[in-house]
Amino acid sequence: MKFSFKFFLPAILLIVIISFVLWERKQSVSTRKNTINIDQKYFSTISGSEKEKYLDSIVALLKNQKNDSVIRELYLRTGEEYYYLNNLKKSYSSSLTALQLSRKENDSSRIAKSLYYLGDCHEISQKDSAYFYYLQAQKIYAKIKDYEHLGRMHFNKAYVLFYDGRFVECEVELSKAFKSLKNSDNMNLLYSCNTLMGNCLEKLLMYDQALKYHQLALQNLNILKSNGSDIDKVTNYNISSVINICNLYDVKGDYSRSIKELSPLVTNDLKSQWPDLYASVLSNLAYSKMKNKDYKNVESMFLESLHILDSLGDRYKALALYKKVHLGEFYLIQKDTVRSLKNLKEAYSIAVKIRNTNEVLSTLKLLAKVDEKKKMFYANQYIKVSDSINGIQSRTNNKYARIEYETTSVEGENKVLTRKNFYILIFSFGLFLILSGIFVFVYLKYKNKELKFVKQQKNDSDEIYQLLSEQQEKINSAKEEEKNKIAKELHDGVMNRVYGVRMNLGFFNSKTDERNIEKRKEYIFELENIENEIRTISHDLSRDSFFESIDFNTLLSNLIKSQKELSKTEFNYIIDKEFDWENIQNIYKINFYRILQEALLNIHKYSNAQKVDVKIQLIDSHILKLSIIDDGIGFDVNAVKKGIGLYNIKERANSLKGHFKIKSKISEGTEITVIFTI
């Protein structure tokens, strides 16, 4: 049978035309893709809001493009530029898209870079999340042997640890960064590492070693300068290093040297080009002069620094906080208590708002010195904040170590799952080939067997779906368990204090005279303090001495005296008149106060006592003994389950290697004894 070529000609022409159209469309898409780019020259000339709109248009175009290296890199670029515009939400979105696309193509370098950018987005608000992303990026950079980026990830982790008060771990991470960067010529990164190490060692009270690293940072700057780097950036870095070094001089008491170094930096050029740096230099110079007892122009310098920072917006509130604290301290020295109190209260408000626990404690300490009328109020506030931080830090003490461990565990589990999935894939593929062969053979002979094959496929799908459902249930169960654990810890942490306030409010609720109305207001204010305390908890604990100017014996007396207003129970406070609390460490004082507070609360709730004796003894100058004896209804120590109050007392005693003992019999009262070896 012959076939004419003329019969095939229309079909050939149709194929050629279709091929040409498809090629043209492909070229059109490729050409359009090449036009999607960030015009850096144009981008640098427009305002911040216009930059954001420009980036939005780029992202909108990228959504319909094929996933290739150019598109992934553009997502990373937009994420980076959003970050510089301080739009962390959009930066996170672009970086997350880049991560998802990079994982689809197994693009290791861009997976790591995406994780790095995601960590940056969390660095301010969620430090543990930032640490997690940096750790993921670090592992990939180590795998692909990108040592410079590996060093940067160690630096970023160290930065998170530093601002979370984990200075020893910060030092370890920086040492790893230096090891990764030993052959690097990235002076910017080396400068940052040396500067952070200097600041870290300063916090660890290793001042000479800290000075050494700040001097190494200056050497890095000299190399940057000789290489023709941006002179403005070098100047900025140089001033920051001088400020860091002068802080060390101040800590060591060498204020005159600090003044000598800072004075030449106070110039009009610095004020116009870098107002935030100028404000810091001016404030540090004023502080050094104040400490050197040279009060000339100190007030005006502090005020000018604050005025500049206020004009720069909310992002500089943290810097303004320190200036207000120093200004309040200056007015305190000048005996101007009104202005000192005003500035310290403003500083306290800012510290609470930005959750800077260290400065909350510092301002409370100064406020207790300035405001004689409310000294006891600030003392109690200090104890509450310190106690809350102790509780939170004990729960989060090893969170970064847990992140490292859990990440390693998950990676191990993923390897096992990957291996299993590989075997399942091979088995499924082999099964598919067998079933396909059988299907073809059976289809040619017995078409009615097709339904059985379809049914088998459905069963397989149901089984896979069931496995996925069971896995999801396990994940949800683990999440729910963790949520319940956190809820329990929060509930147990604040329950006693809220109960105490509620009991006091209930006592005064039935009284309508003016004095008791004022009492109710105080306890309502106390509820607000509890709310603020939970909100302002930070991971940094200041261990400054607070009881330098406050009589701890008075604190205990007032605590016991306040109990007399709640019932008809007679409270006797017995202590040697020559007992000197100044020689007792603050950690014992705080736990002593809390144990007594917990015991008195239990007496009110359960004992029905007529008389309570609180006795404090110092035995052989190194044994501190607290005895609390009541003549209440008592209880069977062996039969009654110990409540959370007694458990807390025991835990506080154990935390300081003390001894806790309780003796009680029904109708014969109760005796609680706590002994510390100091």
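A residue counts as exposed when its relative accessible area is over 50%, and as buried when that area is under 20%. These terms are applied below to a predicted model.

**Exposed loop residues with positive phi**

Lys335, with a relative accessible area of 70%, is therefore exposed. This residue is found in the loop that links helix H17 (317-333) to helix H18 (337-353). Although Lys335 is not a glycine, its phi is positive, at about 65°.

Asp620 also has a positive phi, of about 55°, without being a glycine. Its place is the loop between strand S2 (611-619) and strand S3 (623-630). With a relative accessible area of 59%, Asp620 is exposed.

**Overall composition**

The chain has 678 residues, of which 40% are buried. Its secondary structure consists of 26 helices and five strands. Among contacts in the chain with a separation of 6 or more, 63% join residues 24 or more positions apart.

**Helix pairs**

| Helix pair | Axis distance | Crossing angle |
|---|---|---|
| H10 (residues 187-203) and H11 (residues 207-226) | 8 Å | about 165° |
| H12 (residues 231-251) and H13 (residues 255-262) | within 8 Å | roughly 165° |
| H15 (residues 275-291) and H16 (residues 298-312) | within 9 Å | roughly 155° |

For H10 and H11, the angle makes the two helices roughly antiparallel to each other. The crossing of H10 past H11 is left-handed. On the H10 side the contact is formed by Met187, Asn188, Leu190, Tyr191, Asn194, Thr195, Met197, Gly198, Asn199, Leu201 and Glu202. On the H11 side the contributors are Tyr207, Gln209, Ala210, Tyr213, His214, Leu216, Ala217, Asn220, Leu221, Ile223 and Leu224. Sorted by class, the residues of this contact between H10 and H11 comprise 13 nonpolar, eight polar and one charged.

H12 and H13 are likewise roughly antiparallel to each other, and H12 passes H13 in a left-handed crossing. From H12, the contact draws on Val242, Ile243, Cys246, Tyr249 and Asp250. From H13, Tyr255, Arg257, Ser258, Glu261 and Leu262 take part. The contact of H12 with H13 contains six nonpolar residues, one polar residue and three charged residues.

The pair H15 and H16 is also roughly antiparallel, and H15 crosses H16 in a left-handed sense. Within H15, the residues that meet the partner helix are Pro275, Asp276, Tyr278, Ala279, Leu282, Ser283, Leu285, Ala286, Tyr287, Lys289 and Met290. Their counterparts in H16 are Val298, Met301, Phe302, Glu304, Ser305, Ile308, Leu309 and Leu312. By class, the contact of H15 with H16 has 14 nonpolar, two polar and three charged residues.

Which residues does Asn244 contact, leaving aside its neighbours within four places in sequence? The partners are Thr195, Asn199 and His214. Asn244 itself lies in helix H12 and is buried, with a relative accessible area of 13%. Thr195 and Asn199 of H10, and His214 of H11, also belong to the contact between those two helices.

**Cysteines without disulfides**

A disulfide is a covalent bond between the sulfur atoms of two cysteines. The structure holds zero disulfides. For a pair of cysteine sulfur atoms to count as a disulfide, they must lie within 2.5 Å.

Cys193 counts as buried because its relative accessibility is 0%. Cys200 is also buried, at 0% relative accessibility.

**Leu364 and Phe377**

Leu364 lies in helix H19 (residues 357-370). With a relative accessible area of 1%, Leu364 is buried. In sequence, Leu364 and Phe377 are 13 residues apart, and their C-alpha atoms are 9.6 Å apart in space.

Terms used: Residues numbered from 1 in each chain as written. Predicted model: local features only at pLDDT ≥ 70, side-chain atom pairs only at ≥ 80, totals over all residues. Heavy atoms only, no water. Axes fitted to C-alpha atoms, helices over the stretch in contact; angles between N-to-C directions. Helix = DSSP H or I, 4+ residues; strand = E, 2+ residues; numbered from the N terminus. Parallel < 35°, antiparallel > 145°, perpendicular 65-115°, else oblique. Left-handed = near helix turned anticlockwise from the far one by under 90°. Contact = heavy atoms within 4.5 Å. Nonpolar A, V, L, I, M, F, W, Y, C, P; charged D, E, K, R; others polar. Buried < 20%, exposed > 50% of the residue type's maximum accessible area, 1.4 Å probe, protein only.
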